[in-house]
Protein chains: 2
Amino acid sequence: MGLREYSREELRKAYEGWKKEYDAWKAKGLKLDMSRGKPSTVQLDLSMDMITGMQYEDYFTDDGVDIRNYGMLEGLPKCRALFAQLLGVQPENVIVGGNSSLNLMYDAVARSMILGVCGGTPWMKQGRVKFLCPVPGYDRHFAICEQMGIEMVNIPMREDGPDMDLVEQLVNTDPAVKGIWCVPKYSNPSGITYSDEVVRRFAALTPAAPDFRIYWDDAYAVHDLYEEGGDKLLGLYEELKKNGKEDMAYLFTSTSKITFAGAGVAAMAASERNIQSISSILTIQTIGHDKVKQAMLVKYFQNKEGILAHMKKHAAIMRPKFEAVLGLLRGELAPLEIARWTEPKGGYFVSVDVLPGCAKRVVALCKEAGVVLTGAGASFPYQKDPQDANIRLAPSYPPVEELTQAMQLFCLAVKLAAAEKLLEN
Amino acid sequence: MGLREYSREELRKAYEGWKKEYDAWKAKGLKLDMSRGKPSTVQLDLSMDMITGMQYEDYFTDDGVDIRNYGMLEGLPKCRALFAQLLGVQPENVIVGGNSSLNLMYDAVARSMILGVCGGTPWMKQGRVKFLCPVPGYDRHFAICEQMGIEMVNIPMREDGPDMDLVEQLVNTDPAVKGIWCVPKYSNPSGITYSDEVVRRFAALTPAAPDFRIYWDDAYAVHDLYEEGGDKLLGLYEELKKNGKEDMAYLFTSTSKITFAGAGVAAMAASERNIQSISSILTIQTIGHDKVKQAMLVKYFQNKEGILAHMKKHAAIMRPKFEAVLGLLRGELAPLEIARWTEPKGGYFVSVDVLPGCAKRVVALCKEAGVVLTGAGASFPYQKDPQDANIRLAPSYPPVEELTQAMQLFCLAVKLAAAEKLLEN
């Protein structure tokens with residue numbers, strides 16, 4: 001029986017039972033953190049041979065160029081080729097960056113603010129500038145816009161991607177719309193993957209603004225939890241090319257969740273015209289990114305197959321964590337019908353919608369009992385969830401036992417908050 | 001006898017002799033590059049133990065934090081402390097960056113353009129913005145200003161630093177002046193070091209603009225050629241503090257010419273107020289820079305003494321190259337009085353002034369005979385040397401024998417160009 005069908009008396013009784021349970025949890029003095037999509041130490045240990053396996057000859061290209069020295073602004077050719085495989089483009093479409101794809105995205109926006117897109121008018125001189133933000137989405141995307149004073153427009157997320165009717169309407173008619181943030185595969189936080197139909201509609205957009213770009217953050221391109229039945233994402237760049245619209249997107253990815261979260265290698269991909277424009281600016285910004293790390297990456301993985309084989313090891317660590325989270329949600333919350341959640345086949349997050357008006361309360365209850373979750377509202381522009389319903393769970397960092405404890409407490413907090421809310425009426 | 005005292009007949013004869021020599025050089029088909037301050041492979045080999053010497057426990061802080069993971073935006077505490085020693089500040093004044101100090105400088109300017117300095121009005125909304133540029137100076141500093149549309153004002157360099165009368169006059173009266181580029185030790189390209197008096201005058205500036213900053217690029221802080229008698233630079237930050245003006249400077253350095261040119265670690269230092277403002281922006285820009293490299297650096301060098309000991313190995317490689325360059329300049333050009341040059345005790349460059357109107361010609365003559373020099377004018381804003389006299393020599397990359405050949409050709413080209421110029425009259 002769903003909690004909303006409880007009589008007032010039943011509700012009060014349930015509340016009191018849960019309250020007692022909660023107080024007992026509080027007394028345990030937990031100290032658990034599932035706030036961010038941080039890989040665990042066991043995962044980071046998987047890639048140590050990348051560093052120790054280097055031989056002296058690995059520091060030179062096949063042509064004998066010393067990669068420890070200056071040069072090769074766009075990255076080691078072999079590393080560009082590796083990322084090209086991941087992003088579904090050609091090596092010449094790739095710029096390899098530092099360790100942070102966020103940094104590449106931030107700089108892409110910052111460049112547009114100061115210098116414009118491909119020689120266009122700088123956004124800072126255009127007045128109002130808007131980005132479309134599928135919600136719930138990645139907080140750090142939205143933070144870039146907020147810092148730059150770019151207006152954000154919420155776009156509802158569906159099972160198969162953003163509401164494309166709305167996207168088309170806004171992009172195709174409003175010249176102030178300069179971008180849209182997308183995590184197309186195992187989306188942060190909902191874990192869904194854009195359908196072929198959605199990708200094709202993206203590739204067919206006819207933007208009112210010539211300097212509109214799709215910011216395609218393919219952070220979880222190879223992050224399947226299961227060997228069979230992982231989500232397949234249609235290649236955006238190929239679709240754009242079919243339509244002669246390949247200038248319309250910037251693609252991003254990184255190895256932060258393949259090798260080392262804080263010391264990976266990031267890359268972006270774009271059309272020849274975009275890359276040419278970006279390189280001409282980048283050559284003033286930096287002496288070039290760290291090619292030693294790029295060489296380590298290439299030597300260790302060789303190609304996409306090497307990466308996919310490695311990702312199976314990550315999956316073996318991540319799978320039980322996702323299953324623990326989903327198992328508890330199903331067992332504890334499904335019968336009461338007080339929450340909905342996604343059941344992703346990859347990525348780093350599970351997105352839970354609790355009863356409207358309860359998300360902040362759930363996060364506060366968890367915090368009070370020693371479990372830190374991502375702040376309620378974090379997945380929305382300006383940290384404002386209009387429903388106060390969404391909570392992002394990040395199961396990767398804690399060991400399964402701790403995660404199980406944290407999730408037991410979480411489920412209890414959801415029940416408690418729901419009962420409080422229903423008793424208010 | 002100086003070339004200018006030659007009779008016309010003597011001049012013509014000298015010219016013809018040199019022309020014959022030059023044609024013989026051209027026939028050799030040289031292919032030498034002394035255009036950039038690139039370390040040689042032998043120098044890069046010095047630091048390989050930094051990578052191979054890492055043990056598993058080195059990937060954790062003393063508190064057990066996994067440095068391969070996200071976190072520590074401003075850098076590893078021990079790495080901040082190491083750079084604090086180099087820059088004469090406290091660890092909390094340091095932000096450790098990626099591999100490129102140029103990138104830190106570019107971003108400092110870009111941030112100011114979009115977001116202003118410490119919450120001030122963004123430069124893009126202030127109309128005219130100017131930077132003072134001591135000349136000759138570092139081409140990449142000037143390129144940042146040129147790209148951003150920041151107006152550059154030439155400031156003559158003296159033996160002991162920039163013309164401070166002019167600097168004071170402009171900084172203290174013109175609110176459009178927002179910055180000055182300085183390479184205070186073993187300056188690029190002249191190799192001079194600012195005197196204590198000049199540093200003190202910098203620290204006593206009273207800028208008309210509250211968002212004026214000194215961009216203090218201490219790229220060659222530990223790059224002495226000789227164990228004894230190296231230049232000493234007075235610490236700017238300490239002097240600023242004495243005057244209560246510590247907000248007025250950003251300090252930069254990197255290990256590009258200590259470890260790996262393309263894969264070093266860069267850092268900036270500034271006052272608490274500046275660091276706080278920058279960090280609050282940086283946390284949106286990046287997930288943090290690569291701490292694995294920072295850990296390698298700290299483990300390998302431990303402290304400033306470790307770095308100084310290492311720099312003696314670089315000096316042993318660089319010294320003969322500088323001596324070869326200076327020896328040839330003295331032997332070939334001094335008697336003819338057709339060039340002046342600096343004799344730096346450290347750094348990466350020798351700056352030569354040939355007869356006015358001859359620099360481009362010298363570079364062209366060298367190029368024609370297979371020796372690539374830094375472009376004439378490169379050390380000036382907008383690549384415009386008003387005298388067409390300055391040429392930057394970068395002796396680090398070629399082996400001594402090749403360098404000697406290149407310099408023989410260079411001296412010949414200087415003579416030839418001088419004779420051509422004098423014969424014109």
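Which residues touch the most other members of the largest nonpolar core? They are Leu329(A), Phe410(A), Leu329(B) and Phe410(B), in a core of 202 residues. This is a predicted model, where local features need pLDDT of at least 70, side-chain atom pairs count only at pLDDT 80 or more, and totals for chains, interfaces and linings use all residues. Residues are numbered from 1 along each chain as written, chains are lettered from A and ligands numbered from 1 in written order, and side-chain values use heavy atoms, leaving out hydrogens and water.

**Cores**
- A nonpolar core here is a set of buried Ala, Val, Leu, Ile, Met, Phe, Trp, Tyr and Cys residues joined through side-chain atoms within 4.5 Å, with buried meaning under 20% relative accessible area (1.4 Å probe, protein chains only).
- Leaving aside residues up to four places away in sequence, Leu329(B) touches Ala334(B), Trp341(B), Val350(B), Val352(B), Met407(B), Phe410(B) and Cys411(B) (contact: heavy atoms within 4.5 Å).
- A separate core has 122 residues, including Ile155(A) and Leu234(B).

**Helix pair in chain A**
- H7 (residues 164-173) and H8 (residues 196-203) of chain A pack at about 5 degrees, their axes 11 Å apart.
- H7(A) and H8(A) are therefore roughly parallel (angles under 35 degrees).
- On the H7(A) side, Met164(A), Asp165(A), Val167(A) and Glu168(A) meet Val198(A), Arg201(A) and Phe202(A) of H8(A).

**Sheet in chain A**
- Three strands form an open antiparallel sheet, ordered S10-S11-S13; strands pair if DSSP finds at least two bridges between them.
- S10(A) and S11(A) (residues 350-354) share three bridges, and Trp341(A) stands opposite Val352(A) in S11(A).

Definitions and conventions:
Buried < 20%, exposed > 50% of the residue type's maximum accessible area, 1.4 Å probe, protein only. Axes fitted to C-alpha atoms, helices over the stretch in contact; angles between N-to-C directions. Helix = DSSP H or I, 4+ residues; strand = E, 2+ residues; numbered from the N terminus. Parallel < 35°, antiparallel > 145°, perpendicular 65-115°, else oblique.
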